[in-house]
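Subject: Structure handover

Hello,

The structure is placed below, and my notes on it follow. Please read them alongside the coordinates.

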Amino acid sequence: SETFSKLKFQKPNKYNEVVTASKVSGNDNGFSFNTALQSNVDFFNNTIKQIDYAVSPLSNQAFGYYKFKLLHTFLDENNQLINKIQVTPKNNTEPTFSGEIYIVENTWNIYAIDLKTTGKSLKKPMLDTFNIQQQFQYNAENKLWTKQSQAIQIKAGVFGINFTGNFIHIF
């Protein structure tokens, strides 16, 4: 499926999405992130409702669920210091993620996310892995970071039949 829409968003939950074009080929079998509203995965929330309420590594309770390790720092194109942080679950049977988050020094904004979770941690035996990558961009005029892109990859299977799903969003 493919959708083109105009989106206005104001935190915490004011959305206005006008879908101007949409094309769907085949049957999504109930697995689709075809609008920006359906696909708004916000790691600043305590839990991620689109991913069975998995605990965000940026939640108020994050230190109870995760271990963090600073891997690297670098300057971005706007000369802002970015921290690459490894995220590791304390317990693999909790609804958590593993991977890396990139945080802007002093502002605590997200620069990028590369995280995954498993069916085991979500208690979904059919699901193998759920990967999500997000990239943010600094808008100097409005002085804020906005989501630029999001990629989701799902690998699952049942009774020896495996499948994957890929969802790419450009904002």
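Tyr53 sits in the loop between E3 and E4 (helices, H or I with at least four residues, and strands, E with at least two, are DSSP runs numbered from the N terminus). Its phi is positive, about 60 degrees, although Tyr53 is not a glycine. Tyr53 counts as exposed because its relative accessibility is 52% (buried means under 20% relative accessible area, exposed over 50%, partly exposed in between, with a 1.4 Å probe and protein chains only).

This is a predicted model, in which local features need pLDDT of at least 70 and side-chain atom pairs count only at pLDDT 80 or more, while totals for chains, interfaces and linings use all residues. Residues are numbered from 1 along each chain as its sequence is written, and side-chain values use heavy atoms, with hydrogens and water left out.

Asn106 also has a positive phi, about 70 degrees, without being a glycine. Asn106 belongs to the loop between E7 and E8 and is exposed, with a relative accessible area of 68%.

Pro95 is in the loop between E6 and E7. Leaving aside neighbours within four places in sequence, Pro95 is in contact with Tyr53, Ala54, Val55, Ser121 and Leu122 (contact means heavy atoms within 4.5 Å). The C-alpha atoms of Pro95 and Gly64 are separated by 12 Å, and the two residues are 31 apart along the chain.

On charged pairs, a search of the whole structure finds 1 salt bridge (a side-chain nitrogen of Lys or Arg within 4 Å of a carboxyl oxygen of Asp or Glu). Asp52 and Lys124 form a salt bridge through their side chains, at 3.4 Å from N to O. Asp52 lies in the loop between strand E3 (47-48) and E4, and Lys124 in the loop between helix H2 (119-122) and E9, so the pair ties together parts that are 72 residues apart in sequence. Asp52 counts as partly exposed at 36% relative accessibility, and Lys124 counts as partly exposed at 38%.

Not counting residues up to four places away in sequence, Leu115 touches residues including Phe43, Val87, Phe97, Ile101, Phe130 and Ile132.

As for strand pairing, E8 and E9 are antiparallel over 7 bridges (two strands pair if DSSP finds at least two bridges between them). Lys116 stands opposite Asn131 in E9. E9 and E10 also run antiparallel, joined by 12 bridges, and Tyr138 has Trp145 in E10 as its bridge partner. The hairpin of E9 and E10 has 4 residues between the strands, and there Lys143 takes a positive phi near 55 degrees.

Which residues form a nonpolar patch on the surface? They are Met126, Val158, Phe159 and Phe163, with about 420 Å² of accessible area together (patches are made of residues with over 30% relative accessible area and no salt bridge, like charges being joined within 9 Å and nonpolar side chains, Val, Leu, Ile, Met, Phe, Trp and Tyr, within 5 Å; areas come from the Shrake-Rupley method with a 1.4 Å probe, and for residues only the protein chains shown count as cover). Phe163 lies in strand E11, residues 161-170, and counts as partly exposed at 34% relative accessibility.

Regards
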